[in-house]
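Hello,

Here is the structure I promised to pass on to you. Please open it beside this email, and then read on for what turned up.

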Amino acid sequence: MSAKITTRVNDIIANNRVVVFSKTYCPYCTKAKNALAKHHAEAHIVELDNEDDGAAIQAYLLELTGQRTVPNIFINHKHIGGCDDLMNLDKNGQLKTLLAKI
């Protein structure tokens with residue numbers, strides 16, 4: 001993996017409390033972004049299909065998290081997973097607690 005991609009992704013995660021690596025056409029990404037919006041979370045969204053190096057970013061996310069699919073979500077600099085993981089956190093009240101720490 002290129003140092004440029006590694007640095008860019010790590011900087012995005014380090015400098016934003018909520019990060020969603022997404023694709024504009026992905027229904028699971030839309031569902032996750034809507035859930036975060038419902039909680040008024042200011043998320044930094046990276047639409048991989050609009051990025052010139054989106055495939056390289058996605059490849060690095062696989063290395064970093066073990067997850068290749070989108071959405072790939074980080075809250076408070078911690079990887080929380082994808083859409084189902086976010087929905088489970090929302091359902092059991094943990095998402096509100098995580099977002100309150102922001």
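Below is a short tour, strand by strand and then residue by residue. Please keep in mind that this is a predicted model.

**The strand to start from**

Two strands pair with β1. Strand β3 (residues 72-75) is joined to β1 by four bridges, and the two run antiparallel. If you want a spot to look at in that pairing, valine 19 stands opposite phenylalanine 74 of β3. Strand β2 (residues 44-47) also pairs with β1 over four bridges, but in the parallel sense. There you will find valine 20 opposite isoleucine 45 in β2. To get from β1 to β2, the chain passes through helix α2 (residues 27-38), and this β-α-β crossover is right-handed.

**An aromatic pair**

How many aromatic pairs does the structure hold? There is one. The ring centres of phenylalanine 21 and phenylalanine 74 are 6.0 Å apart and the planes stand at 80 degrees, so the pair is edge-to-face; the cut-off for that label is an angle over 60 degrees. The pair brings together distant parts of the chain, since phenylalanine 21 belongs to strand β1 and phenylalanine 74 to strand β3, 53 residues apart.

**A buried asparagine**

Strand β3 also holds asparagine 72. With a relative accessible area of 1%, asparagine 72 is buried, because the cut-off for that word is under 20%.

What does the side chain of asparagine 72 make polar contacts with? One partner is the side chain of threonine 65, at 3.5 Å. Another is the backbone oxygen of glutamine 67, which lies 3.3 Å from a polar atom of the asparagine 72 side chain. Leaving aside neighbours within four places in sequence, asparagine 72 is in contact with several residues, among them Val19, Val20 and Phe21, as well as Leu61, His79 and Gly81.

I hope this helps you find your way around. Happy browsing!

Best wishes

Notes: Residues are numbered from 1 along each chain as its sequence is written. This is a predicted model: local features need pLDDT of at least 70, side-chain atom pairs count only at pLDDT 80 or more; totals for chains, interfaces and linings use all residues. Side-chain values use heavy atoms; hydrogens and water are left out. Two strands pair if DSSP finds at least two bridges between them. A crossover is right-handed if, with the strands pointing away from the viewer, the path from the first strand over the helix to the second runs clockwise. Buried means under 20% relative accessible area, exposed over 50%, partly exposed in between (1.4 Å probe, protein chains only). A polar contact is a pair of N or O atoms within 3.5 Å; within protein, one must be able to donate a hydrogen and the other to accept it, and residues adjacent in sequence count only if both atoms are side-chain atoms. Contact means heavy atoms within 4.5 Å. Rings of Phe, Tyr and Trp (its six-membered ring) pair if their centres lie within 6.5 Å; planes under 30 degrees apart count as stacked, over 60 as edge-to-face and the rest as tilted.
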